[in-house]
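Hello,

Here is the structure I promised to pass on. My notes follow below it.

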Amino acid sequence: REGLGVSNARANDVVLALPPNAPRMPRNRFLEGLGRGVLRLGGWRMVGAFPDLPKFVLIAAPHSSNWDGVWGAAVKLAMGVKLSILGKDALVKLPLFGPLAVWQGVIGVDRTAAHGVVEQAVMAIRNADRMWFTIAPEGTRKWVERWKPGFWHIARAAGVPVVPAYFDYANKVIGIGPLLELTDDMHADIARIQRWYKPFKGRNHDVLQPAE
């Protein structure tokens, strides 16, 4: 699977190069520079490589602090990548803000619809030419023993792999891991993925156990 990735093109850059099939935002050098500036100011950098695939589910953990959103947003701006996330249907219907949210990758979901949130996310992925669907599997900034299985159901039903991203505060690294193929055993898959996150230290807790 290593051949599917595109590694950092510039050794002195703080973010990774995007592969050809990545979903992109329109080029904005100011925002790219702003994102890089924030990361450099905080001492953060990226490692790993993104797979050259148009669609996958990108999970991010451990999610233990609001600061994760700051560094994640800086990465998104610096790379110019379009990451899709779920949002309330009412949000994307707001005047002015709604179209901007959709442009940025927010997928509006109706939680009262007959087909549930997972089904709506699956349909969005299937109907898109390119989509890196992003989700925090813990579902909260608090430590949880077991992740929510939504990401697994979405990836399986959409027929796409899972790509793990991690926040490692001990080294100030945001990393991208290898493609994770899923099996028919949801519980075993989630447990295996959680174990994969064991080396990485969140700001307030890790994936497998709360920080001491």
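The exposed residues Arg-29, Phe-30 and Leu-41 sit on the face of α1 turned away from its buried side. This is a predicted model. The buried residues of α1 are Glu-32, Gly-35, Arg-36, Leu-39 and Gly-42. They cover an arc of only 135° around the axis, which puts them on the same side of α1. Their packing partner is α2 (67–79).

The length of α1 checks out. Helix α1 (residues 29–42) has 14 residues, so at 1.5 Å a residue it should span 20 Å; its end C-alpha atoms are 20 Å apart, which agrees.

Both ends of α1 have something to show. At its start, a side-chain oxygen of Asn-28 comes to within 3.1 Å of the backbone nitrogen of Phe-30. After α1 comes Gly-43, with a positive phi near 80°.

Now the aromatics. There are 12 aromatic pairs in the structure. One of them joins Trp-147 and Tyr-197: ring centres 5.6 Å apart, planes at 75°, so edge-to-face. Trp-147 lies in the loop between β7 (131–135) and α6 (150–158), and Tyr-197 in the segment after α7 (186–196), so the pair ties together parts that are 50 residues apart in sequence. Trp-147 counts as buried at 5% relative accessibility. Tyr-197 counts as buried too, at 0%.

Tyr-197 also pairs with Trp-196. Their ring centres are 5.1 Å apart and the planes stand at 85°, so this pair is edge-to-face. Trp-196 is partly exposed, with a relative accessible area of 25%.

Ring pairs link Trp-147, Trp-196 and Tyr-197 with Phe-151, Tyr-166 and Phe-200 into a cluster.

Best wishes

Notes: Residues numbered from 1 in each chain as written. Predicted model: local features only at pLDDT ≥ 70, side-chain atom pairs only at ≥ 80, totals over all residues. Heavy atoms only, no water. Helix = DSSP H or I, 4+ residues; strand = E, 2+ residues; numbered from the N terminus. Expected span 1.5 Å × (residues − 1). Buried < 20%, exposed > 50% of the residue type's maximum accessible area, 1.4 Å probe, protein only. Arc of directions from axis to C-beta. Contact = heavy atoms within 4.5 Å. Polar contact = N/O pair within 3.5 Å; in protein donor to acceptor, adjacent residues only side chain to side chain. Phe/Tyr/Trp six-rings, centres within 6.5 Å; stacked < 30°, edge-to-face > 60°.
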